[in-house]
Amino acid sequence: MDPKLLGENNMRFMVMVKANKDSEAGVMPSEKLLAEMGKYNEELVKAGVLLAAEGLQPSSKGARVRFSGSKRTVIDGPFTETKELIAGFWILQARSKAEVIEWVKRCPNPMEGESEIEIRQVFEAEDFGAEFTPELRAQEDRIREEIAKKK
Amino acid sequence: MTATDTHQAIDAVWRIEAPKVIAGLARLVRDIGLAEDLAQDALVAALEQWPSDGVPRNPGAWLMAAAKNRAVDQLRRKTLLERKHQELGYEIETAQALAAPDLVSALDDDVGDDLLRLIFTACHPILPTEARVALTLRLLGGLTTTEIARAFLVPEPTIAQRIVRAKRTLAQEHVAFELPRGADRSARLSSVLEVIYLIFNEGYSATAGGDWMRPALCEDALRLGRVLAELTPREPEVHGLVALMEIQASRAKARVGPGGEPILLFDQNRALWDRLLIRRGLAALERADGFGPRGPYALQAAIAACHARARTPEETNWTEIVRLYADLARLIPSPVVELNRAVAVGMASGPAAGLELVDRLLSEPALEQYHLLSSVRGDLLARLGRRDEARAEFERAASLTRNARERDLLLGRARGESGDRGEKNDRR
């Protein structure tokens, strides 16, 4: 396959809205913001770029599992480093990162005051390049198959 | 922002805005060729100004305004030159419409209808199919002529010429930039769906060349389909087509091996199927089903959904698939549908029953050169243990396909049926 063609078009991005004090406190967005966000999401759908979107509950309702060697420790939320937490995400399909940036610039400010939206590209198998040999790929396929069987 | 960043941003803005700008202009100047030229001029202006001035806050409106100014200039010049022109009245009217101050906001309101007009016009049945495809990708997909040429493995001047000719035909035949109504609408919509599915299929199973798939085209078709589904939310077959494409695209990663070779449905690693696309496809099918009996695209989507729901090949509900193909054969009777039904029957009731149906198709002139008839027949014969006949059919199929990867696969199957190594035929 022409990797250029693949790379050009087959791109998915996770677009994450960072949490803030309000979202972590479970404060619901204003009606105005909900309406604006609804309109924005509609634009994304109309343009055929939105694959999925979800809002996340505050971290107080979540948990973490910490790994240390073979030890696992469960830590219940809430978590303190608010700015590093995620309050919601979109999965967008676009032809380039620049296109996603253009879309995100059009998003209404998701929070009152300061906020940040982070754009990350989703890995495709092709991205692993030469490191991802046919053997490794076959191994991963076998693992996935095992998982599928157990479901 | 560096110059490269700005250029990438302009490119991105163009991808997002071009169809809307062209559609809005086309309604005003009533000529999609002229509309595209004006939009291109606006793009050139953006390339000159934005790197120094920065990307404007509302880039779509900026492009529209720039294009509109050029349109007004051109029309004024033309009106002065052609005072006695019979279309004078209309042109002045257009000039006034273009000069209206609330134009941009008016365009925003109508942008959906304009886009739909553009789709219907680009897919007008007056144009040859390949011209419809090129024009649609260019005007609605935001693809350049170079990109279209590369995607279809056709020399660039060929595509450029197709587009120029198509625009000329639309102008010469005075094709109105309108939404088709009444009885005309469903035929025109069929043409649109046909173009989108053709683009998808060219990407999904390339008819020519060395690659089994060209996923970029699948993505373009899916995007067009999703856009159309929002523009015509009450058209069940649009949702049916989107469902079909989403579910088929969900298998994209599983149907190509590491060396680029095709992997057939039953040999695919189903863990690689894209669950997100399957979910979207099933949701689109549900939307289509909300409108009553299924049309041909929704039926094909329902068949694809049967496979998507089966976690292993053994779980496939073949009885349901046979029923769906029977429905499809009633709606669009064709030897190809009949061939597919035969495959399903071969699975539901055994290879002998399938072969009986396939053999009835051997005299079909339409299938005489169709490699899949031989390939299916070969498969059924192999399952019946008639290996020599199976090998001959696979070889024949290999000689008929134009796709190099598929040829390798078929020759491989032919080799599998030769000799007496006593290899088990692991075909279900």
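Predicted model: local features only at pLDDT ≥ 70, side-chain atom pairs only at ≥ 80, totals over all residues.
## The sheet of chain A

In chain A, 4 strands build an open sheet, arranged in the order S2-S5-S1-S6 with antiparallel pairing.

The pairing of strand S1 (residues 11–18) of chain A with S6(A) is antiparallel and comprises 5 bridges. Within S6(A), A:Ile117 is the residue that stands opposite A:Val17.

## A helix across the sheet

Helix H4 (residues 97–105) of chain A lies across S1, strand S5 (86–94) and S6 of chain A. Relative to S6(A), helix H4 of chain A runs at about 160 degrees.

## The architecture of chain B

Chain B contains 19 helices and 0 strands. Of its 428 residues, 45% count as buried. Among the contacts in chain B with a separation of 6 or more, 62% are accounted for by residues 24 or more positions apart.

One residue of chain B may be followed in more detail. B:Arg77 belongs to helix H3 (residues 59–81) of chain B. Is B:Arg77 buried or exposed? B:Arg77 counts as exposed because it has 10 C-beta neighbours inside 10 Å, and the cut-off for an exposed residue is 12 or fewer. Along the chain, B:Arg77 and B:Arg341 are 264 residues apart, and their C-alpha atoms are separated by 62 Å.

## Confidence in the model

For the complex, the predictor gives an ipTM of 0.78 and a pTM of 0.83. Chain A has an average pLDDT of 83, with 75% of the residues scoring at least 70. For chain B, the mean pLDDT is 87, and 88% of its residues reach 70 or more.

In chain A, pLDDT stays under 50 over residues 1–8, for which the model has 12 contacts beyond four places in sequence. In chain B, pLDDT stays under 50 over residues 101–108, a stretch with 7 contacts beyond four places in sequence. Residues 421–428 of chain B also have pLDDT under 50, and for these the model has 8 contacts beyond four places in sequence.

Key: Residues numbered from 1 in each chain as written. Chains lettered and ligands numbered in written order. Helix = DSSP H or I, 4+ residues; strand = E, 2+ residues; numbered from the N terminus. Buried ≥ 20, exposed ≤ 12 C-beta atoms within 10 Å, placed from the backbone. Contact = placed C-beta atoms within 7 Å. Pairing = 2+ DSSP bridges. Axes fitted to C-alpha atoms, helices over the stretch in contact; angles between N-to-C directions. pLDDT = per-residue confidence, 0-100.
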